[in-house]
Amino acid sequence: MSKAADEHTEDASTQRQNGNRAAGQRLSRTEPQQPSKKQFALTLDLENDWYFDEPGYDHLTFEYIDDFIELIDRLSVPLSIFVVGKTLEQYPEVIDRLDTELDTEFHLHSYRHEPTTNSFREELKLGKEAFRNHFGHDPIGYREPYGDIDPAQFPVLADEGFLFDSSVFPSYRPGVYSNLDTPLEPYVIEGVPDLLEIPLGVFRGVRIPLSQNYLKLFGRPLIELLSVAPLPNTLVYNVHLQDLYRTDSHENLPGMKRRIMGRNLDRSVEILEESVDRIRSKGYEPAKITDIHSYHLHLKQ
Ligand SMILES: [Zn+2]
């Protein structure tokens with residue numbers, strides 16, 4: 001398996017940090033006012049499963065695309081998709097199906113998904129080009145692979161025309177990010193007034209990410225917690241196809257990660273259905289991530 005396939009290794013993030021991290025720059029530490037509207041956005045990171053770049057492991061979960069379309073249709077929620085530039089170039093027909101058969105919108109999730117010698121700006125430019133070639137317009141939203149966004153990258157995003165970023169997990173992950181004191185609700189990036197950060201959802205207090213891979217890993221206790229625990233009013237819930245469907249790529253993961261990611265994998269679809277139900281019954285309005293962006297722009301004025 002490729003080294004880059006294990007997102008828990010420190011290699012990827014260390015490389016990124018050496019290449020990008022500017023000393024002393026930090027994410028915002030000021031909690032914005034809690035918005036009165038409760039909005040819930042389901043997001044999908046559309047990429048090669050587990051980022052394998054080897055023959056025989058190319059987007060294997062795409063064989064489940066019919067099931068996935070049926071699932072989202074059944075959930076009856078809009079879907080905001082962060083797509084990798086190379087995936088977009090390789091599988092335009094899959095993108096077209098998601099675009100036309102579901103209530104979706106698309107944003108960018110890097111060009112290659114993996115650390116490269118290219119600068120962040122070069123990667124963005126390549127990603128934008130792939131996006132523009134397919135959709136005929138530039139992306140306005142961005143998500144960095146592994147949630148490993150660097151504050152020095154925010155001005156570059158704004159300069160490249162992005163209006164919002166949704167990369168920050170206000171949580172902690174050894175060797176990748178440490179954001180235990182960043183805001184849980186959307187906030188304007190300090191010094192970059194035209195860029196809104198829409199952080200990924202976490203449980204208030206414990207700050208466990210509210211995403212499919214965590215719900216799947218912790219199972220019943222965390223699903224139950226959804227109904228009783230305090231949550232941010234803006235809830236971004238993220239899924240990957242590999243969180244929902246088992247393929248040979250899963251078997252290609254290294255031992256520990258294979259066990260972690262395999263837990264409850266065969267009932268992951270039901271877990272997503274139940275989680276969305278529980279979120280809705282707490283009064284959240286299903287929204288696209290651009291609805292959240294527009295709402296917060298309006299609050300700012
Ligand atoms: Zn990703």
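Here are some numbered notes on this structure, for you to read beside the model.

1. Let's start with confidence. This is a predicted model, and the protein chain averages a pLDDT of 89, with 90% of the residues scoring at least 70. The stretch to treat separately is residues 1-25, where the pLDDT is below 50. That stretch still has 40 contacts in the model beyond near neighbours in sequence.

2. Next, the overall make-up. The protein chain contains 13 helices and eleven strands, and 42% of its 301 residues count as buried. Among contacts with a separation of 6 or more, 77% are between residues 24 or more positions apart.

3. Now for the interior. In soluble globular proteins, nonpolar side chains tend to be buried together. Here the largest nonpolar core has 57 residues, and Phe40, Ala41, Ile81, Val83, Leu195 and Leu235 have the most contacts inside it. Strand S1 (residues 39-46) gives the most to this core, contributing five residues. There is also a second, separate core of seven residues, including Tyr51, Leu60, Leu253 and Met261.

4. Which residues is Leu195 in contact with, once its neighbours within four places in sequence are left aside? They are Phe154, Leu157, Ala158, Phe162, Leu163, Phe164, Asp165 and Ile189.

5. On one hand, S1 runs parallel to strand S10 (234-240), and seven bridges join the two. Within this pairing, Leu42 stands opposite Tyr237 in S10. On the other hand, S1 runs parallel to strand S2 (79-83), with five bridges between them. Here Leu46 has Val83 in S2 as its bridge partner.

6. Six of the seven residues of S10 are buried, so S10 is largely enclosed by the rest of the structure. For S2, five of its five residues are buried. In a regular strand the side chains alternate between the two faces of the sheet. In S2 both faces are covered, with Leu79, Ile81 and Val83 buried on one side and Ser80 and Phe82 buried on the other.

7. Helix H12 (268-281) shows a clear division of sides. H12 has 14 residues and reaches 20 Å from its first C-alpha to its last, close to the 20 Å expected at 1.5 Å a residue. Its buried residues are Ser268, Ile271, Leu272, Ser275, Val276 and Ile279. These cover an arc of only 130 degrees around the axis, which puts them on the same side of H12. They pack against S1, helix H2 (65-75), helix H7 (212-218), helix H8 (220-228), S10 and helix H9 (241-244). The face turned away from the buried side carries the exposed residues Glu270, Asp277 and Ser281. After H12 comes Gly283, with a positive phi near 90 degrees.

8. H13 has twelve residues and reaches 17 Å from first C-alpha to last, close to the 16 Å expected at 1.5 Å a residue. Ile289, Ile292, His293 and His296 are buried in H13. Why do these residues lie on the same side of H13? They cover an arc of only 100 degrees around the axis, which puts them there. An α-helix has 3.6 residues a turn, so residues three or four places apart point the same way. The cover over the buried residues of H13 includes S1, S2, strand S4 (141-142), strand S5 (164-165), strand S9 (192-197) and S10.

9. Trp50 has a phi near 55 degrees, a positive value in a residue other than glycine, and sits in the loop between S1 and H2. With 24 C-beta neighbours inside 10 Å, Trp50 counts as buried. Asn264 also has a positive phi, near 60 degrees, in a residue other than glycine. This residue lies in the loop between helix H11 (255-262) and H12. Asn264 is partly exposed, with 17 other C-beta atoms within 10 Å.

10. Finally, a glycine in a loop.

Definitions and conventions:
Residues are numbered from 1 along each chain as its sequence is written. This is a predicted model: local features need pLDDT of at least 70, side-chain atom pairs count only at pLDDT 80 or more; totals for chains, interfaces and linings use all residues. A nonpolar core is a set of buried Ala, Val, Leu, Ile, Met, Phe, Trp, Tyr and Cys residues joined through C-beta atoms within 7 Å. A residue is buried if 20 or more other C-beta atoms lie within 10 Å of its own, exposed if 12 or fewer, and partly exposed in between; C-beta atoms are placed from the backbone. Helices (H or I, at least four residues) and strands (E, at least two) are DSSP runs, numbered from the N terminus. Two residues are in contact if their C-beta atoms, placed from the backbone, lie within 7 Å. The expected span of a helix is 1.5 Å times one less than its number of residues. The arc is that of the directions from the helix axis to the C-beta atoms. pLDDT is the predictor's confidence in each residue, from 0 to 100. Two strands pair if DSSP finds at least two bridges between them.
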